Amino acid sequence: MTAWPPIDRDDLRKARGDAGFDTVLPLLIRRLIAETASGLDSLDMPGGSGTAVGGFDGIVTVSGPSVFVPEGTSVWELSVGGGNSKAEGDYEKRVKGPNGLATQDVTYVEVVLDTWRDARTWSARHTEEGRWREVRGYNLDVIDLWLEQAPSTTAWLAARLGKAQPGVRSLESWWTDSWLRSTRIPLDRAVVLAGRGKAAADFSALLATGRSVIALGGDLRPDEVCAFVAAALEQEGILGATQVGARVLFVSDKNGIEQLVTQRQPLILVLADPALARDIPQQHPHQLVWAAMPGGPCDVNVPRLHSQVIESLLLSDGMPSERAARLGALGRRSLLALRRALAHHPEPLTPERASTLDVVRRRLLLLNSWNGDNRDDRRVVGQCSGLEYEELQERARELAAGTDIPFLGHQEEIWHVLAAEDAWTLLGTSLTSDDLQFFRTAVSEVLTETDPTLGLDPGERWRAGMMGVRRCFSDTLRAGLAQSLALLGTLGADVRGPGGVTGDRWARLLVRDLLKQANADDTYSLWRSLGDVLTLLAEAAPEEFIEAMHEGLSGTTPLHTAMFTDNQPDNMGLGSSSPHTGFLWSLEILAWSPEHLDDAVDVLTALAVVDPGGRLSNRPLASLVGILSAWAPNTTAHAEDRIRVIQRLARRQSALGRKLLLQLIPDSHAMQMSHPGPRFRDWKRDTVVTPHDRSSVTTAVVDLLLDELNAAPELYADLIGKIAALPPKHRAEIAQRLTELADDLEDDDQRAVLHHALRDQVSRHQEYADTAWALPEDELRPLQAACEAMEPRNPVKRYAWLFQSGRITLGDIRRRDNFAAYDAEILAWRAAAVGETVASGGLTALVELASATEFADLVGIALAEHSEDHDQELLSWLEEDASPAKEIATGYLRRRMWAQGNDLRDRLLSTHRGSADSGSDPADCPGSSHRVVQAR
């Protein structure tokens, strides 16, 4: 075991005499300051022969006190020798503070990496002079003591002096000296974070909180964990000599972690293997970063690299386009595979297992993952490997240990092939026909098992675990086999199976057989049981998946109608989950590929036709809208291809097509969710939707809707609701068509719907004409003309909109912000409408108007504003049961008495008492329900 610290005073004394160490000393002091200072605000201390502003070797500002770094601003002079004479010479030259500061507000620090026995007395004497706030002298012994409190800097210096602690490296040194220099084209931050910018920001934010453990998801190897952390810190500008960067170490040795964890200075330790932390104390001041187990919980999910970014970076370096595209795709599968492809010397970067390909490694590569606590998993793994499970388990532990990059990882008895894509890149071409036959047997047995919980009542399924009802095989093994199918389908072109069949063709055969059995199951149980692996099966064999979907949607009673089960609540009233979501995700993944877009849309269309609707918002129609969106399409297909698909769908399914077309018109308030992408295939790429693309798709969609207007005139109202999102030429055409339609349209109900829709749009844009989103007046004019032409002939239908809300939009920008004037104008409009209604049909028409509105009392208020001649008649309406007439009377009398007060009340009471005395109005007798509304 190597003792800590790995360097001592003698190493420092020897190093000071080495050639060039005078350029290392500023780097050493800079790291010491960064690692141990309290509240570091600024640190200006260049390495090499440079000097800081003002001629000082260093200028430092901190907000808090610490043992070796003075609080506030301090200036530093550095030397590897010279003792008192060197210190005195530096001191005499420095008579001014930095950056205009008075010397009395600054601490002066002289560092002489020598024995300098007079350092303490020299410091005290010059402090007493009062030129500087304080004077400090640091000699060799002080720096040695300082290093004891700075373990990260100690590890860095030990490596520079050739006494590195085994398995411990400064992350900055690893990044610059090992990672960046290992390839012909440096895989810098832009490559490592291609498509990972958000994950890097999330990691840095989490690190800043002081989180004790941060697990990185994404099935990362140790070198990729380090590269990601280094690139993330560099992106934040904190990788070097900063309070964060100076504390980060990469640890791959058990002894190293045991030594470092005892240090009191907080460190950030990036571990090559989480198992290194197994025996360390639970209480320590450090932050630990490691890779989460594949499929396990993580704090930050690190996605795969974007192949386009890598490709463009390689192209900019002069690489031929075909090779750049190939390496971009390789980088998306595995950053470490890309590193090997570009390495100066790939041999040291290639795991030992790549040259020792025994049958166990190959078979475990295909199984991918399993649960050692599951009896049936153990049986399948043993049969596939040709070993008893106990013997296989020992081999697995060997493959998870050793000094080489491990092949397997495990958490308790959950086993996974680590970095599966990289492992396939290394080992996939070594698979044999026998390996694939064993794989076929395992897939057939494991993935055809139906879920026994489907036999339970839907309201009881949540209790399945407590009842002991579960599959024979673990979810871990199922996921592992499905992932291998997807990898074989993606990367298997160079693998040869029985009869010379390629690996990707083999994957397609297995998926075809599996889905054929599912379609043969009239109970739909096998399809439902495949829900947990469906997306991977679709990715493994897209054509076979599409073919099976088409087969299950054929006939008068399609099999796949059984996938929709979310329209009935369970016994707890929550509603059951529905298998159809897994199918939608699978088809959405396929739609990213232009090659599979047509087929995916065809299947989604067929599903939308048979969809009965349900509780969940995930519906086939919503998937189609997301895929074919004009402004944020979830496919990499070009705009012209999306237009072609939309046109074909609209021709074949006119009713569904109309719904789709309407939803495809962009809405300024709409949100578009990003659909999931494939795990392994390079289908989902960043695409730029140009304004021309958006316009061309929108234009095509509206053209199709206009063609449908004669067959479906109800579309007019929907188009009016989206009028602002349409191209100007379409707005003008719709206005013209509506104006022409008004001459022949006799149905007053239809006229009312279109008139109110037009009025709402026109008035809203007129009222907010001073906003950027409002349509200009010259474009509103034809719509206004159409609105006037479409007015209902019946006053009731013509004016019902005025009484649908207490506050309506009049289209009057002058009164918009003057509430009193606006309310007065609304009242005047309502009074005029009521007057015309009464004139045409009397109070009977008024009751009809109130019945057609949301707020009948507003009709009464408007009547009171229009006329005072209905007091007696409306007073009698109050004795009715709840009705529009009674609400009219309430509003009318309330308004009348608000205007005339108690005089009107007394007059009404007097009149009705007289009527009661003469026997003409029994409603006013004692016990009658008749009442007069009190003035407010």
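Between which two strands does the loop that holds Glu412 lie? Glu412 sits in the loop between β13 (408-411) and β14 (414-417). Welcome to a predicted model, in which local features need pLDDT of at least 70, side-chain atom pairs count only at pLDDT 80 or more, and totals for chains, interfaces and linings use all residues. Residues are numbered from 1 along each chain as its sequence is written, and side-chain values use heavy atoms, with hydrogens and water left out.

**Overall build**
- The protein has 40 helices and 14 strands, taken as DSSP runs (helices H or I, at least four residues; strands E, at least two) and numbered from the N terminus.
- Its radius of gyration is 40 Å, whereas a compact globule of 936 residues would have one near 30 Å; the value is taken over C-alpha atoms, and the globule rule is 2.2 Å times the number of residues to the power 0.38.
- The C-alpha trace spans about 125 × 90 × 60 Å along its principal axes.

**Burial and contacts**
- Of the 936 residues, 52% are buried (under 20% relative accessible area; exposed is over 50%, partly exposed in between; 1.4 Å probe, protein chains only).
- Among contacts (heavy atoms within 4.5 Å) between residues at least 6 apart in sequence, 69% join residues at least 24 apart.

- Glu412 has a phi of about 55° and is exposed, with a relative accessible area of 65%.
- Asn99 has a phi near 55°, lies in the loop between α3 (83-93) and β4 (106-112), and is exposed at 64% relative accessible area.
- For background, most residues other than glycine have a negative phi.
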